[in-house]
Amino acid sequence: MGIATEADIRRHAARLYEAATTPRLFDRKWWTGRLLEWAIRDDAFKVQLFRFIDVLPTLKTPSQIKRLVDEYFGQDAGLREAPGGRSLMRWGMRALSSVGFGAGVTADTIYNQAIQMANQFIVGAGMKEALPAVADLWKRGIMHSVDLLGEATVCEPEAEAYTARYREAITALAEAASEWRPSPLLEADHLGPLPRTQVSIKLSALDSQFDPIDPEGCYKAVAARLRPLLRAAMQHGVAVTFDMEHFEWKDLTLWIVRRLLMEDEFRAYPFASLALQAYLKDTERDVRELLAWAEARGTPMGVRLVKGAYWDYETIMHRQRGWPVPVFARKDDTDACYERLIPLLLEHHAVIRPAFGTHNLRHVAMVMAETERKGLATKVVELQMLYGMAEPLQAAIVDAGYRLRVYAPVGDLIPGMAYLVRRLLENTANESILRRQFLGNQSLDELLMKPPTPTQTSGAPIAPQAAMGHEGEGEGGGQRLSESAFTNEPHTDFSRAEARERMRTALAALRATLGQRIDLDFLPPRGLTRPTLTARNPARPEEVVGVVSAAVPEDVDEAVSRAVVSGRSWAETPASDRMAVLAKAAKLLRQRRFELAALEVFEVGRGWRDADADVAEAIDFLEYYRRQMRRLAEPIRLGTLLGELNHLVYRSRGVVAVLSPWNFPLAIPTGMVAAALVTGNSVVFKPSERSLVTGHALVEVFREAGLPDGVLQFLPGEPEVGRRLVVHPDVPVIAFTGSKAVGLQIIADAARVSPGQREVKKVVAEMGGKNAIIVDDTADLDEAVAGVIASFLGYQGQKCSACSRAIVLDAMHDDFVERLVEAARSVRMGPPEEPGTGLGPLIDQRAVQKVRDYLAIAKLEGTPVLLPDFTRQPGPNFVGPAIVRNIRPEHRLACEEIFGPVLAVLRARDFDQALAFANATEYALTGGLFSRSPRNIARAREEFLVGNLYINRGIAGALVGRQPFGGGRLSGIGAKAGGPDYLLQFVWSSVLSENTLRRGFSPELS
Ligand SMILES: Cc1cc2nc3c(=O)[nH]c(=O)nc-3n(C[C@H](O)[C@H](O)[C@H](O)COP(=O)(O)OP(=O)(O)OC[C@H]3O[C@@H](n4cnc5c(N)ncnc54)[C@H](O)[C@@H]3O)c2cc1C
């Protein structure tokens, strides 16, 4: 047994190359081929083309299709001024019209031609069409694996329906296959007889709440649907392959499949396979683990080695999240990994049925060469390709006597679109072998080039610490460079087992110590006793999180005067020292990250991800404002004329009152406190009565970070304490985040000048929102439903950025609402300490009562299509989601902030009306649009007037530095939090102008 040499590979490749007679990616007679060739030649055209193809199936009327053709390829499409001076627009239009997409062609033609394009990659719209197609493949000596295309599974009925479709497909395929003529090559491999038919299944489609944060919950849901499918497959003699999807789901998929296949009932089933992706740095390790596991299981198992279909997505999403990118950065490294795994899988053919999914000539040849070198029969291996791709090579493989299986997607155009676009992208990508092989512009030698040996680090699996999504500074993890440019603190990646374990441990440890008592730093005025405020777990109100001795209004004077005194020296402390305190506080938050997240879970009912994100945002505020301070710390020279020296300097204001809300119990107060402190002010901090323990934790962090005594006064108390603080003459700045009612009251109170007051008070107020998401008639419904659900139900709708209005264009309205209702119904309600919980409790009974009041209004104003069942809630503070349609913009449900899981749905006639509805409230905080119409997107950018507009994504979760947060109209006054202007609100500026001429002498001139 040896290792295949380059000469061996070349020999096999040359044979295949010669046999694969058509050196074109697509047959010329296909208009598809023409279009793709245009796309390959021009990236700008390609982007427009693929985006247009993506939206096409959603378009319902001929006029809509015409409109979108014009938007993507017409005068304003932005194609004209592409590099090279060519008129891409005209070029593109010519390309389109030559194949029937251009002006003068009916919408029907365009639609039919798109279907034709899809048909190149999809075997049939349903099983009825697919059965003859797979029978035909069999006749040509090709096996198949049927994949049922589906929309993203957003609700349980969709998961049910998908499972049922697979059951039907398994029976129908088995029945049809029993009629086919025998084929010894296809029906047996080295381990014995093989099923004639196979299906490929995506686990994420079997559970609408598929999420690696909760493996047990997913296992329960997925296994319940998979067991009947596997039973059917065993009964009818059908093979099953589990597709591999996004990296985030990889470990979960491996774990579920392995666990299920170890169940007694399935342990002896030999026709299960798993797809593994060579573009992942983890895969080599995963393959080795799987081999060991398969041996222990004692039943053969298939492995389909592919490179992976989501390279762009993985690269972009992981970069955006600040997580280690799990895929190789260089195509050569992916290829090298693939090449290392070919012999490894072949060596283990006693337990593994090795299958290689690739269209790459070199890799097909390498599989053949390795098989030959190892002295294995050809039937040991299976080569696999995608239906409709590299067909000449497919034929050559069959001719060479190898077993070939094609992946055969079944489904109609809409659910098939994501698949089709992936295939088109793959065919036209620069690095794609398909493009290189079949465009005919590369020699055989170039195509067979051996990938260079990977660099040492490029192949290293991701270290567990880094993989959690943050560096664990101070605990042996990498140190952040303190003066590097600002980057957001990555959220924890809960798909990693270590991260879940740390969160579980933190929750258990904290639960054991809950109930601590917190006192003020000073005694109350003589003769007064302080009331006690008790923080309770909203999910289990009997659980006491902490007991806080609250300030009485008379304490305000003492707290302010302590802040005034200690503030004097703090203002004189060098800015660099103040910045260092923020840096230290950030470091401490990183160290206590899981503990603080656990505290938020218990005190305010945030779920794991929401709690973790809040701590990350708190760190971001510290790091961002610290860096922003550098700009303000040094005098800024103004003007350049000689003889005068002008400096702009920023000075601290004095005592800042920080009044913070409970819903972002750490991030929001951290932001306000940090901004005030770093600019040299002292702070009196009054956290919400509903998040006292977390507020106190923040104070502790600052003290430990070296903030001098007295500079940050902790003043928990009832609203009257806040009122006294606002009007105190020695408090020149009030930073508030909370409701509109309280915010406006603060602004009014602050406007009155009290005796002894020497400054006009400045109020920074972030208030409410009544945020809308517009879903237009070109929206991707999968994304729109998921985006609205996340924005509406995230933290039970208790975010000021939450979506509480969905404005849906007529053409989309009914389909959208139907899916949305089922999606909302599918979200799991329960205690937030359980990782699988999608919907936790509201903060308290007051919040619950408010929602109940609005539900009564909803019944009068609109048509509720989903209402909470108050008899079946897990605790007194839980409220299920409510969706109410037929709401008009003037209704209270469309105007008033509710702060709970209640969504008003407004139907809009057209986009003009949708924009008018969206802008029709007194708030202007966040807003969103789901659309694939370039024109509507451009209009929304101009006309949808909100502080933060999000296009084709959820509307909550603004990131410091990237999406500075804050609204207009009655949503607030002041600069955006987490943005470059924020610190300016905590300083006042002086200009110092000095005449530097002395008796006609200027030092600058001499
Ligand atoms: C039968 C079958 C089943 C499949 N099942 C799955 C599945 O379950 N899951 C899945 O994800 N995919 C699956 N695929 C798709 C498969 O991943 C793609 O078809 C494959 O990526 C194309 O690879 P190739 O060897 O044909 O082409 P090549 O051109 O040799 O490789 C292209 C691949 O290289 C990788 N790549 C591109 N650029 C870079 C870069 N800069 N750095 C690193 N890597 C890069 C990408 O993964 C890209 O897809 C399946 C394919 C087949 C044939």
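# Reading a predicted model, feature by feature

Guide: This model is predicted. Start with two helices, H7 (residues 127-139) and H8 (residues 156-177). Their axes come within 11 Å and cross at roughly 35 degrees.

Visitor: Which hand does the crossing of H7 and H8 have?

Guide: The crossing of H7 and H8 is right-handed.

Visitor: Which residues make the contact?

Guide: From H7, they are Met 127, Leu 131 and Val 134. From H8, they are Ala 169, Ala 172, Leu 173 and Ala 176.

Visitor: How many of the contact residues are nonpolar, polar or charged?

Guide: Seven are nonpolar. The contact of H7 with H8 has no polar and no charged residues.

Visitor: Why do residues three or four places apart point the same way in an α-helix?

Guide: An α-helix has 3.6 residues a turn, so residues three or four places apart point the same way. Keep that in mind as you look back at the list. Met 127, Leu 131 and Val 134 are the H7 residues in it.

Visitor: Let us move to a strand. Where is Thr 197?

Guide: Thr 197 is in strand E4, which covers residues 197-201.

Visitor: Is Thr 197 buried or exposed?

Guide: Read the relative accessible area. For Thr 197 that is 2%, so Thr 197 is buried. The cut-off for buried is under 20%.

Visitor: What does the side chain of Thr 197 make a polar contact with?

Guide: With the side chain of His 144, at 2.7 Å. Leave aside neighbours within four places in sequence, and Thr 197 is in contact with His 144, Leu 173, Ala 174, Ala 177, Val 238 and Ala 239. Leu 173 also belongs to the H8 side of the helix contact.

Visitor: Where does Ala 390 lie?

Guide: In the loop between strand E9 (382-386) and helix H16 (391-399). Ala 390 has a relative accessible area of 4%, so this residue is buried.

Visitor: Which residues of H16 are buried?

Guide: Pro 392, Leu 393, Gln 394, Ala 396 and Ile 397 are buried in H16. Just after H16, Gly 401 takes a positive phi of about 85 degrees.

Visitor: What is phi of Arg 969?

Guide: Near 45 degrees, a positive value in a residue other than glycine. Arg 969 lies in strand E29 (residues 968-969). At 40% relative accessibility, Arg 969 counts as partly exposed.

Visitor: Next, the ligand. How many residues surround the ligand?

Guide: 29 residues surround the ligand. The closest are Lys 307, Gly 308, Thr 334, Thr 358 and Ile 433.

Visitor: Which atoms of the ligand and the protein are 2.8 Å apart?

Guide: Take the ligand nitrogen atom and then the oxygens. A nitrogen atom of the ligand is 2.8 Å from a polar backbone atom of Met 244. An oxygen atom is 2.8 Å from an N or O atom in the side chain of Gln 277. An oxygen atom of the ligand is also 2.8 Å from a polar backbone atom of Ala 309.

Visitor: How do I read distance along the chain against distance in space?

Guide: Compare two pairs. Val 733 and Pro 182 are 551 residues apart in sequence and 85 Å apart in space, C-alpha to C-alpha. Gly 928 and Asn 948 are 20 residues apart along the chain, with their C-alpha atoms separated by 8.4 Å.

Visitor: Where does His 813 lie?

Guide: In helix H31 (residues 810-826). His 813 is buried, at 0% relative accessible area. A polar contact of 2.9 Å joins the side chains of His 813 and Asp 814.

Conventions. Residues are numbered from 1 along each chain as its sequence is written. This is a predicted model: local features need pLDDT of at least 70, side-chain atom pairs count only at pLDDT 80 or more; totals for chains, interfaces and linings use all residues. Side-chain values use heavy atoms; hydrogens and water are left out. Axes are lines fitted to C-alpha atoms, for helices over the stretch in contact, and angles run from 0 to 180 degrees between N-to-C directions. Helices (H or I, at least four residues) and strands (E, at least two) are DSSP runs, numbered from the N terminus. A crossing is left-handed if the near helix is turned anticlockwise from the far one by less than a right angle, and right-handed if clockwise. Contact means heavy atoms within 4.5 Å. Ala, Val, Leu, Ile, Met, Phe, Trp, Tyr, Cys and Pro count as nonpolar, Asp, Glu, Lys and Arg as charged, and the others, Gly among them, as polar. Buried means under 20% relative accessible area, exposed over 50%, partly exposed in between (1.4 Å probe, protein chains only). A residue is near a molecule or strand if one of its heavy atoms lies within 4 Å of it. A polar contact is a pair of N or O atoms within 3.5 Å; within protein, one must be able to donate a hydrogen and the other to accept it, and residues adjacent in sequence count only if both atoms are side-chain atoms.
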